[in-house]
Structure formats: C-alpha cells, structure tokens
Amino acid sequence: MAFPKITVIDDLSSALSASAKWDAVIVVAADCNAVSEPAIQAALNAHQQIDARINSEVLLFSNEQVPGKRIIFAPTGQLSRYYDDVRRFFDVANQAAKLAASAGVKQPLVLVDAPDDERFKNAVSAVYLGLTQGLWQPLEARMALDESELEPITEIGLLGSTDSVSAKWLMAAEAGKRVARDLCGTEPERMAPPGFADYCVEALAGSAVKVEVISDQRQLERQYPLLFAVARASEAVERHQARVITMTYEGKGPIEHSLYLAGKGITYDTGGADLKVNGHMAGMSRDKGGAATVAGFMKMLAQLQPEGIKVVAEIGAVRNSIGADAFVADEIITSRAGVRVRIGNTDAEGRLVLSDVLTHLIELAENDDKAEFFSVATLTGHAARAVGPYTALVENGVARTKDSAKMLSAAGDLWADPAEVSRSRREDFDFVRPRTKADDLLSSNNAASAVTARGHQFPMAFLQISSGLDKTSHAYTHVDIAGSGVEGGDWQHGKPTAAGLMMLAGRYL
Ligand SMILES: [Zn+2]
C-alpha cells in the first residue's frame, strides 16, 4: 500500500526552515492574497511580478528560503459563490500532485488556506485526498513498472490537526479509496471475479473485517439464481467464474448504525446476448465500480476499527459474457426471494446480480431493527445523463422519512463526493409490472437507459420487488455511480474515483 503517509506538523516555522526535510512546499488557497503565511505570501507576490498566471494555474517556481527551494502554488480560484464547494480544493490538489510527481518531489510540505465557511471545513483533508487521487497509478502499471518511480511521493506534511478528522482517519480513507480504485480500474483478466475476490481477501487479511467467498458454481446457481443467470455464459471458462464475496465488520460498543451494502461487481460487461455494439463495450471492465467502492469502504473500516457501527457488505462479482449458454431476453427466472423475473434485456444485468445479493442481506438482517440497506452500482447510463458527474441516490419510503439520502448527500458535499437525490415514483413501479400471468416482474425495457424516461429511477423499483425489500420495513437507498465512478466520465481511460466512499464515510464514520 504505497500511498503517501501524513506527518502532522505542529510547528510551522521549523517546518518551513530551509534545513527542514521537506523537498517542496505546496500551497493551496483561493489566490495569492488568501495565503496567511507571510514568508510564503511575499514569495508569491515576488513571483507574480514575472508571471501573470499565478492566480489561475498550478505553477512551480524556485525560492531559496523554503525547504526544497521550490514552491508549488495551486490556486482554487473564487470560493464565495453558492455553487463553489470543497471540490475546488480537491481538484486543484489533484492537478498539483501530477506536477509535483513529474518535478521529482518526494516529500512535500502542504499548506492550505481555506475560508472560514462550513462548506470548506474539510479543505485540508480534501487537499490530501486530491493529492492522493492525482498520485495513484493503475495496478497494471505498478505491476509492470517500478512502483516507487510511478508513485514517488511517500510522505506529506500537513499543518495542524487535519480538519474535523484525525490523520489516522484520513489515511484509513485513502487506504479504502486505493483499494476501490485498484478494483474498479484494473483490466478484466487480472480482475476477473476470482482475482477480484483474491484482492479483497488479501486487502482485508488479518483485519477486523471477516471475508467469506463462495466459489462453488452449483451453490451460486441454487442460492443466487438471477446472479447465476448472468454468470451462466462465463462458467465454462474457469478463470471467469462468478464469486460472491461477503465482508462483515462489527465495531465495539453499542451499535448505533447497522449498514447492509450490496455491490455490483460486473468485472466485464459485454452486454451478454444483447451484445454491446458500435464501440460501446470499451471501458466495461469498470462496471465493477460499485463493488469496488463497497470493498474500499470495508478496507477503511479495517484500518480505522470504529466503534458503534456494524457493516455487512456483499459483492456479486460476475462477468457478463456471451456464449452458447448465455441467458437471453424473454427467459423467466425466479429470484432468491421467489419473484418470477422476465428478462427484458441481458445488458441490464447489474440489477439481477444485486437483487439476490440484497435478498441474502435481508436474510442476514432479520431481527436487526437498525438495518439500513444500500446498493452501490454503476447501474445506468441514465444516471450520468440526468445528473452528469454526480452520484444519483434513489431512496425508498422508509429511507425518505429518515432523510437518509439527504444526509448522505450533505456528507458528500463536505467530502468532495457529492450526490443528487432522486425520487422513487409510481411510474417506476408501473414500468416493471408484469404484462401477463407468466411472470411477476420485468427487468428492463429495450432502449438504452440514457434515452429512457426515469431510466435511473425505475431500476430501483425493480430492485425492491425482485429482492423482497418491498416486503420489509428496512430503509433502502440505491446509489448509482455511473456518472461519478471515473474522472471525466471517461470509462475507458479515466481514473476511478471511488465515488460514494467518502459520502458513506462522512455520514457514518
Ligand atoms: Zn450491462
């Protein structure tokens, strides 16, 4: 786990002395005038005389007075408008990380000046997380090349206490995000279902999180019938065979929050018999982003071991292949909850995988009156179309009365992991209704979700009915990260973001 460790700086003047160990000073603030340290501000003002870009671009320039003899200034720009949020800090730190790494920086001291405003109360943390996001390199690259050269920054000096959380908390969050980025971002052979399960087992080995993996295909066929329908065409290829991964954490003390998380882990989505054509398949190794976020959250719990919280997470890791045994539209398959599901389109596979996983979680939550349910998934192109680069939250009635999604979204705003709340409506249930007595439920229509009205809301109605959640009194929020799971919405090349993880962490940890 080579991500930069945090060293908390208590004494700024000695950290800034030219003999200190730091090899660069990274400064993040709205502009030169917002920098509070007089020596740094003087250096910035001097540089401004020869470079007019100073308040608009991330720049590196030399300065004899600071450790490492160089300053990287990362201006966030204006922060006072109602639509500015802490991502201004995260994003500019992400850019600064790339500049620092290519400049050969290994141990920067980082100074952050943020306005005294509730929205920016985690600005220092957001800078750290933006730096680590910028520094992360794909697992394949780290395996093939020299990891210490690819990710050269080993330590970051942060001033004072890191906002509202400890350095330990923040490093636990980054450990989790790193796991999530690796799992989401890695190509489909290295991170086929068995590899996905192995990575989870290894990442959580010896920790307070218990991991169980089902690899027996006959057991999956019996216990996870919808999931297995998706897995059918991959069974013949041993290295692609499905896995169900269950991770459990129970903190000490009386349990205040009890979370049940289902993660969609489609390690590759060909679309199945409804094959993705016209170039729409590239990037579909990232269709495991929801499962990656869930596993990353468990890694954070393992590092942090918080009290008063219980989390049960289950991931369906499945490759949606095409082949002689591929499931097809029109098949009727009875879910684990006993609901007869008519397949509408085999490219709407994520909801099938999640459904049986949710049912198993309902079984585990019997007698748990604090249980709150979540599904995390790169589920629909519609989510990306409707809310752009944000996560979309769709909650059931119980969750809505508890303001579950509203509180999650508020936490996400403070942690540079924002989400928008969508409503679940009667039309969503009508959309998946049975058309004959032959089945109880339709999985999807046959147009791309992005051009289907309520394309990210109606699948949540499906998930409730097919899993049996609609027959419980559990709060349930569906988390669609199809728009937020990778940087720039570029599913083929964009860096995974671990979307949803910081929102959950900010809300519950
Ligand atoms: Zn699909």
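Q: Two strands pair if DSSP finds at least two bridges between them. What makes E3 and strand E4 (residues 70–75) a pair?
A: They are joined by 4 bridges, against the required at least two, so they pair. The two strands run antiparallel. Leu 60 stands opposite Ile 72 in E4. Strands here are DSSP runs of E, at least two residues long; helices are runs of H or I, at least four long, and both are numbered from the N terminus.

Q: What is the basis of these values?
A: This is a predicted model, in which local features need pLDDT of at least 70, side-chain atom pairs count only at pLDDT 80 or more, and totals for chains, interfaces and linings use all residues. Residues are numbered from 1 along each chain as its sequence is written, and side-chain values use heavy atoms, without hydrogens and water.

Q: What makes E1 and E3 edge strands?
A: The open sheet has 6 strands in the order E1-E6-E5-E2-E4-E3, with mixed pairing. Strand E1 (5–9) and strand E3 (59–62) each have a single partner strand, so one side of each lacks a neighbour in the sheet. On average, neighbouring strands are turned by 25 degrees against each other, direction ignored.

Q: Which strands does helix H2 touch?
A: Helix H2 (residues 38–48) touches strand E2 (24–29), E3, E4 and strand E5 (108–112). Contact means heavy atoms within 4.5 Å. The direction of H2 makes about 100 degrees with that of E3. Helix H7 (residues 167–185) also packs on the sheet, touching E1 and strand E6 (155–159). H7 makes about 160 degrees with the direction of E1.

Q: Why are H15 and H18 called roughly perpendicular?
A: Helix H15 (residues 404–414) and helix H18 (residues 501–508) pack at about 105 degrees, with axes 8 Å apart. Axes are lines fitted to C-alpha atoms, for helices over the stretch in contact; angles run from 0 to 180 degrees between N-to-C directions. Angles under 35 degrees count as roughly parallel, over 145 as roughly antiparallel, 65 to 115 as roughly perpendicular and the rest as oblique. H15 and H18 are therefore roughly perpendicular.

Q: Which residues meet there, H15 against H18?
A: Met 407, Leu 408, Ala 411 and Gly 412 in H15 meet Met 503, Leu 504, Gly 506, Arg 507 and Tyr 508 in H18.

Q: How do you know that Asp 23 forms a salt bridge with Arg 70?
A: A salt bridge needs a side-chain nitrogen of Lys or Arg within 4 Å of a carboxyl oxygen of Asp or Glu. The closest N and O atoms of Asp 23 and Arg 70 are 3.9 Å apart, so the pair qualifies. Asp 23 lies in the loop between helix H1 (12–15) and E2, and Arg 70 in strand E4, 47 residues apart. The structure holds 30 salt bridges.
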